[in-house]
Amino acid sequence: MTACMVYLFCSAVLVLFSVSCQEPGVGALPGSLLPLNYGFTRVFGISYSSATWLSLPAVYGTAFGFMYDYSRQLTSMSNSGLMPLQVPFQDIFEDAVLYTFLLLGSALGFGFMLIVYYLNLLTTRDLFLICMMGGYLVYVCVLISYVIFCTRYSTLHREFRSPLGISGAAAGT
């Protein structure tokens, strides 16, 4: 887990430096939906819209990670009795809860995107900002839950212990 966090931090710093060295520079970075496209266009000599295709593997990988995390979280809550929803075949099929929540969350997200697309409620920029705020809130909730588990449930065994402890979680929020 620590190695993943270090890798993400280093890759974010490298993206910041590589994007700031490309035209249009740092001034366009906060408003850019796809900051690496500028470099892709220069390196490969392709158009900006064609460079967007090179970002798709990362987008799908990120989507899978979020889907896996929320389905595991909802499965844990369901198995502990915190979720009032009962899943059919829960006693027969071991991962019925996991797959049910995975499909339910994916269907809800897809349905929401279809509604937004056909009713023209939001622009692409609005959707991007909503996704960024959602990701930010998820990370804040994870840090808050870490503080709660460390203080209220300090006797429980945990596989991961942060080297920075509660002060690191407090600084992260």
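This is a predicted model: local features need pLDDT of at least 70, side-chain atom pairs count only at pLDDT 80 or more; totals for chains, interfaces and linings use all residues.
Biologist: Beyond four places in sequence, which residues does Thr41 touch?
Modeller: Contact here needs heavy atoms within 4.5 Å. Residues up to four places away are not counted. The partners of Thr41 are then Ile46, Ser47, Tyr48 and Ala51.

Biologist: Against which helix do the buried residues of H2 pack?
Modeller: The buried set in H2 is Asn37, Gly39 and Thr41. Among the contacts of Thr41 are Tyr48 and Ala51. The packing partner of the buried set spans 48-52 and is helix H3.

Biologist: Is Leu98 buried or exposed?
Modeller: Leu98 sits in helix H5, residues 96-119. Its relative accessible area is 10%. The limit for burial is under 20%, so Leu98 counts as buried.

Biologist: Which residues contact Leu98, leaving aside neighbours within four places?
Modeller: Helix H4 (56-80) is included in what covers the buried residues of H5. Leu98 is one of those buried residues, along with Ala96, Val97, Phe101 and Val116. Its contacts are Ser71, Arg72 and Thr75.

Biologist: How far apart are the C-alpha atoms of Leu98 and Pro30?
Modeller: The two residues are 68 apart along the chain. Their C-alpha atoms are separated by 37 Å.

Biologist: What span does H5 reach from its first C-alpha to its last?
Modeller: H5 has 24 residues. At 1.5 Å a residue, 34 Å is expected. The model comes close to that, at 34 Å.

Biologist: How many disulfides does the structure hold?
Modeller: Cys10 is partly exposed, at 39% relative accessibility. Cys150 is buried, at 14%. A disulfide needs a pair of cysteine sulfur atoms within 2.5 Å. The number of disulfides in the structure is 0.

Terms used
Residues are numbered from 1 along each chain as its sequence is written. Side-chain values use heavy atoms; hydrogens and water are left out. Helices (H or I, at least four residues) and strands (E, at least two) are DSSP runs, numbered from the N terminus. Buried means under 20% relative accessible area, exposed over 50%, partly exposed in between (1.4 Å probe, protein chains only). The expected span of a helix is 1.5 Å times one less than its number of residues.
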